Amino acid sequence: MLLYNTPLAPNPRRVRIFLAEKNVTIPIRDVNLIAQEHKSEAYGRINPLNEAPALVLDDGATLTESVAICRYIESLYPEPPLLGRNAREQAFIEMWQRRVEFRLFMPVALAFRHSHPALARLESPQKPEFAEHQRPRAQQMMRFLDQELASRRFMASDDFTIADITAIVAMDLTKAARVDIPEDLPHLSRWRTEVSARPSVVP
C-alpha cells in the first residue's frame, strides 16, 4: 500500500495518528498543497477530486476519505480497536465521531481555510466573514464536549477512539484558525492534555 499525504493538512494527520496508534507503518508519499501538486494531472489520476489523503491498495484500487481509510486499516489491523469491538460500541463511536467531525472539526477547518493568508490560493475566494461565523459554532461544541467529558475519560467512552483523533486534530488547528478556546472548560482541558501526550499525537 501507499499513502498519499500532505504533512500540514488536518485530514491526513487523522490517518497518520490512526496508523501510529495501530503501530502500523505504510509507505508515504507527500503531496505539496502550497505548490498545488494535488491539482496536477498525475495526482488527478490518483484522486480525481484532487484531495489528500489517498490510500492506494495492493490491488491498485484507490481509497480516499480519512475515515474510510481508517476503517480499512482497522479491518486489517483490529488491535487496538479504535472503531469499537461490537455493534453497540461501534454505533456510539460512530455517533461521537460524526458529532465531533461536523460540529467541531469542520467549523475549525472552515475558519482556517477562509482566514489564513497561506491558504488564499487554495480557498479562492476566501470569505473572512464566513470564517468569523464558524468560530462561535466551534466554541459552542467545545462547551458541550466539556460537559460530556465530566463523566468519562475520552470522547466516546473510557477508551481512546477515532472520535478523539478527530477532536485533537481540530483542537490543534484552533490557533491557526484563530478560534479562541474558552478558559472555563476544565474537562476538555484535562482531556486535551492527556491526549496531546500520546506518542501518536506528538508532532
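1. **Before you start.** This is a predicted model, in which local features need pLDDT of at least 70, side-chain atom pairs count only at pLDDT 80 or more, and totals for chains, interfaces and linings use all residues. Residues are numbered from 1 along each chain as its sequence is written, and side-chain values use heavy atoms, with hydrogens and water left out.

2. **What the lining is made of.** Helix 1 (10-22), helix 3 (66-76), helix 4 (87-113) and helix 6 (162-177) each give at least two residues to the lining of the largest pocket. Helices are DSSP runs of H or I with at least four residues, strands are runs of E with at least two, and both are numbered from the N terminus. By residue class, the lining has 29 nonpolar, nine polar and 10 charged members. In this count Ala, Val, Leu, Ile, Met, Phe, Trp, Tyr, Cys and Pro are nonpolar, Asp, Glu, Lys and Arg are charged, and the others, Gly among them, are polar.

3. **Aromatic pairs.** The structure holds three aromatic pairs, meaning rings of Phe, Tyr or Trp (its six-membered ring) with centres within 6.5 Å; planes under 30 degrees apart are stacked, over 60 edge-to-face and the rest tilted. Trp96 and Phe144 form a stacked pair, because their ring centres are 6.0 Å apart and their planes are at 20 degrees. This pair links distant parts of the chain, as Trp96 is in helix 4 and Phe144 in helix 5 (residues 128-148), 48 residues apart. Trp96 is buried at 4% relative accessibility, whereas Phe144 is partly exposed at 29%. The cut-offs are under 20% relative accessible area for buried, over 50% for exposed and in between for partly exposed (1.4 Å probe, protein chains only).

4. **Phe160 and the charges over rings.** Phe154 and Phe160 make an edge-to-face pair, with 5.8 Å from centre to centre and 85 degrees between the planes. Both Phe154 and Phe160 are buried. Phe160 also has the charged end of Arg198 over its ring, 3.9 Å from the ring centre. Likewise, the charged end of Arg14 sits over the ring of Phe105, at 4.5 Å from its centre. A charge sits over a ring if NZ of Lys or CZ of Arg is within 6 Å of the ring centre and within 35 degrees of the ring normal.

5. **Ser200 and Glu21.** Look next at Ser200, in the segment after helix 7 (186-196). Ser200 is buried, with a relative accessible area of 14%. Its side chain makes a polar contact of 2.5 Å with the side chain of Glu21. Such a contact is a pair of N or O atoms within 3.5 Å; within protein, one must be able to donate a hydrogen and the other to accept it, and residues adjacent in sequence count only if both atoms are side-chain atoms.

6. **Cis peptide bonds.** Ala52 and Pro53 are joined by a cis peptide bond, with omega about 10 degrees. Pro53 is in the loop between helix 2 (41-46) and strand 3 (54-56). Another cis peptide bond joins Glu79 and Pro80, with omega about -10 degrees, and Pro80 is in the loop between helix 3 and helix 4.

7. **Positive phi values.** Asn50 is a residue other than glycine with a positive phi, near 60 degrees. Asn50 lies in the loop between helix 2 and strand 3 and is partly exposed at 24% relative accessibility. Arg178, also not a glycine, has a positive phi of about 60 degrees. Arg178 is in the loop between helix 6 and helix 7 and is exposed at 53% relative accessibility.
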